[in-house]
Each structure stands twice: as C-alpha cells, then as structure tokens.
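Hello,

Here is the structure I promised to pass on.

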Amino acid sequence: MDLIVITHPEMLPDEADIINRLFALGLPRLHVRKPEVSEADMKALIQSIAKTYRGRMVLHQHHQLAAVFDIGGIHFTEHNRLMQTADDLNEWKKHGFTLSTSIHDPDALQSLSHSFDYVFLGPVFDSISKPGYKSRIPDEFYLNKYNYTGKVFALGGIDVHNIQTIAQMGMDGAAVLGSIWQKPENAVNQFRLLASLPDFSAMKSEVKIENDTSKNADKRSAGHSDQQFHTPVIGRLQFISQETEEMSHLDSIRLALEAGCRWIQLRIKGRTEEEILAMAREAIQLCDRFGARLIINDHPRVARTVQAYGLHLGLTDMPIPEARSLVSRKMIIGGTANTWEDIQSRIAEGADYIGLGPFRFTRTKQNLSPILGTDGYARLMQQMTENRFQTPIIAIGGVTPEDIDVLRQTGIYGVALSSALIGAADPKATVSQIQQALC
Ligand SMILES: Cc1ncc(COP(=O)(O)OP(=O)(O)O)c(N)n1
Ligand SMILES: Cc1nc(C(=O)O)sc1CCOP(=O)(O)O
Ligand SMILES: [Mg+2]
C-alpha cells in the first residue's frame, strides 16, 4: 500500500521544514493543494523544499511551476479534469509528469482516461479537515476498478484508527490530510505512526510510486539524485585543499588528484572573494582534466561562477535555502553538523550530504566544535537509523586511514580529510588504502 500526504490548504509556519522532514523519512508523494495561495507564495514554498525531493511533489494549482522546478506530477480536480482535452493531457505526459485526478463516485472509473496514473476517491470516511463533509461510501464497500489500470487512493477522514480498513475496500493506498495537519507540530510524528503500520511498512523500500515514469525521475537518477533510492550524490572520499609553507592550494589539489581522489573541496580562508574565484577557476580546470568533481567551501557566488559540482556551508555560513536560490538547481550543497540538533537542521534545510565533525583535534581548522570521537559518531549514527534518516554522513577532522574501519562500523557514509593525505609518504598508496576501507 502507498501513502500520500496532501498539504494543509493554507500556508503554515515552518511548513517547508516539516515537508522536508517527511520526505527525509521516506514520504513517497506529497500533493500540494492550496486553492487560495498566490503563485509567488507557492513558488517560495517549492523553493524551500530540497531539490532532491521535488520530483516527489504534485501540484494541484499553479501547474505552470511544475516544469520550472522539476516537480513530479500534476493533479486535476474533478471540475478541472472535465475541461481537459485528450491532447492537453498528452502534452503533460509527453513532458514526463505523472497525472492524477479526484473522483467522488467510484463509477467514474468506468470512463476515466488512462492518461491518469492514479486517482483519489473520496470521501471514504467523514472528513477530519472539512466538518460536515460526509462519507459517500456505503458500508461493506468493495472497489470495482472496471478496466482502469491505475492506482486508486482512498481520501477523506483517514487516520491511524481506520487506515487499515482501506486495503479491505480494495484500495491501493491512502491519501491523508487532516490526521497529519490537525496539529502541525505533530505532523512528523503522525506520519511516522501511519508509515509504521503493517500495511505501509513496505513503503520504505519502494517509495517510488510504480507509475512514476516521469522524466524528472530519470533526470534525478542520472544526475544528482533522490539520494534515498538512486546513485549517491557524493563520493566516499573528499579531499580538503590546504596551503602549507611548501604547497599552495592548487599544489595540494594536484597531489590529491594524482593520488586518485576524485572529490575535491577548495577550502580557502583569509583571502578575498576575487582571489578565491581566481583559484577556483584553476581548480576546476585541474579537476576537469582528471574527471574529478569540485566542491567550493563557503562561497556560493564563486561556486556558481565556476559552475562547481557542489558547495559546502557550515553552521555560521549562509543558510542552505538561501544559497539554493543563488546557485544552479543542479548544484549539490553539503552542510556541517556537530550535534543531533545540527543534523536535524541540515536535513530539514535540504542538505545533500552532511560533514559531521570533528572526529579528533586537528590544526587544519580553527575554532573547532567539540570533538566527537568514535562514541560520538556511534551515538549520532544510531539516532540517524532510529529516525530513518538517510542523508550521507561524511566524517571529518583529523581522520587518518587507520580510523576508517572503526568509523565505517558506526554507519558513516564516507570521510573528508586533508593532512593525512598531504603528509603521506606515498599519497597513492594512502588513497587506495582509504578507498578499500570505504567500499
Ligand atoms: C565535508 C566538510 N565537512 C565540514 C566542513 C566544515 O565546514 P565549516 O563548518 O563551514 O568550516 P570551514 O571549513 O568553512 O572552516 C567542511 N569544510 N567540509
Ligand atoms: C575543514 C574541517 N572541518 C571540520 C569540522 O569539524 O567541521 S574539521 C576540518 C579539517 C579537516 O582537515 P584534516 O583532515 O586535516 O583534519
Ligand atoms: Mg564554512
């Protein structure tokens, strides 16, 4: 059974944060239904949702924004559906969007266009969010789908007490609204509760709606993807550039590339943005020559100008959602964390990966946060698992090749390091030792 969440009809405080958290927990589909909301407000909401999740969103209004923001689907109300021609629907499908609609009488399935990948049928129970909106479904109802091959989602009045009867009605899933948003501060816990019920427990492993053939899904898996279900967005070994008495930043990057690193972060302190931009231009050329990916630390505008693959932002740098509005939609953004609260914030802000540290004391960075050690990683990774968060965690801060086995056992995804490589007697051997320990 699939579970869909429909938004509250009005804009809510902290709504984008809540939605990002629902997606991080594995929500497969969010229907954005806000009949009275302006295009500008809708745009602002979409922009606050992590790019990696937007393919799982479906718009009920302001359909024209779908192509702009790589949204996954378009929903038509019953009234709106009746005004669409077959050509209109084909045009949307040609561009890769899933199409869905609402019906209020199950017999409407007899004549429903097969262009619709799935439908909402309701209200199946008395509505929670619309008092007086009564169920039209008779007792002992069992769904006849006629020859309609798409999925049918029950809608209306569904909560943790009655959701299990949906399967007995022959429905393919449930769309929930009131039970999630009645108390927005409990939305995440309500979702957790519903998703943990036996009928929905398969959801975690098959979050993608089967009918989702959208080009957005293809695009995501090809490029920087929906990280839970496709190729990871970030490598397991990231080299952090460093300047020493003997070596410039670019020298250190060359050393790492020649040793086999393919994920490089340009991290320059104490220089003007112009100076950093000049070095970033050289760094990207160098990385291109080796087929490596460049991540720029701290400077969104530099990252945008040199068209870097990624940007890394710390706790006191520009907030991730603000940076997203400055850089290309394809660019990944990593965020720093030191505590469980930081991790939750980075995930809510839509970080594509998290640099979690410091592992131990290091001279490479000033003003270090408290040292985590192996126990710190074990504790935080345990919390990641308990909350089913899957954002890749990169351990950083004084990491050496000998630490990797124990760090990996905590569940971290990869490591970022600097001194251990530039100080290595044989950088190539060091990189291959690290890579072996990481795979
Ligand atoms: C992969 C990775 N993780 C953490 C950091 C630290 O970033 P930040 O906290 O912004 O500190 P500075 O590096 O800017 O001093 C990072 N750079 N990379
Ligand atoms: C850039 C950076 N950030 C850290 C953090 O804890 O957030 S530690 C760190 C330095 C990483 O270099 P080395 O491998 O030389 O310690
Ligand atoms: Mg920083």
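Below is what I found around the ligand and at two of the annotated positions.

First, some housekeeping: this is a predicted model, in which local features need pLDDT of at least 70, side-chain atom pairs count only at pLDDT 80 or more, and totals for chains, interfaces and linings use all residues. Residues are numbered from 1 along each chain as its sequence is written, while chains are lettered from A and ligands numbered from 1 in the order in which they are written.

Around ligand 1 there are 17 residues, and Gly314, Thr336, Gly355, Ile396 and Ala416 come nearest (near means a C-beta atom, placed from the backbone, within 6 Å). Nine residues of this shell are polar, four are nonpolar and four are charged (Ala, Val, Leu, Ile, Met, Phe, Trp, Tyr, Cys and Pro count as nonpolar, Asp, Glu, Lys and Arg as charged, the others, Gly among them, as polar). Strand 13 (332-337) and strand 15 (393-396) each supply at least two of the shell residues (strands are DSSP E runs of at least two residues, numbered from the N terminus).

Thr336 sits in strand 13. It is buried because 21 other C-beta atoms lie within 10 Å (the cut-off is 20 or more, with C-beta atoms placed from the backbone). Beyond four places in sequence, Thr336 is in contact with Gly314, Leu315 and Gly355 (C-beta atoms, placed from the backbone, within 7 Å).

An unreviewed UniProt entry lists Thr336 under "binding site", along with others including Leu266; such annotations may be inferred rather than shown by experiment. Leu266 lies in strand 10 (263-266) and is also buried, with 29 C-beta neighbours inside 10 Å.

Best wishes

Key
Helices (H or I, at least four residues) and strands (E, at least two) are DSSP runs, numbered from the N terminus. A residue is buried if 20 or more other C-beta atoms lie within 10 Å of its own, exposed if 12 or fewer, and partly exposed in between; C-beta atoms are placed from the backbone. Two residues are in contact if their C-beta atoms, placed from the backbone, lie within 7 Å.
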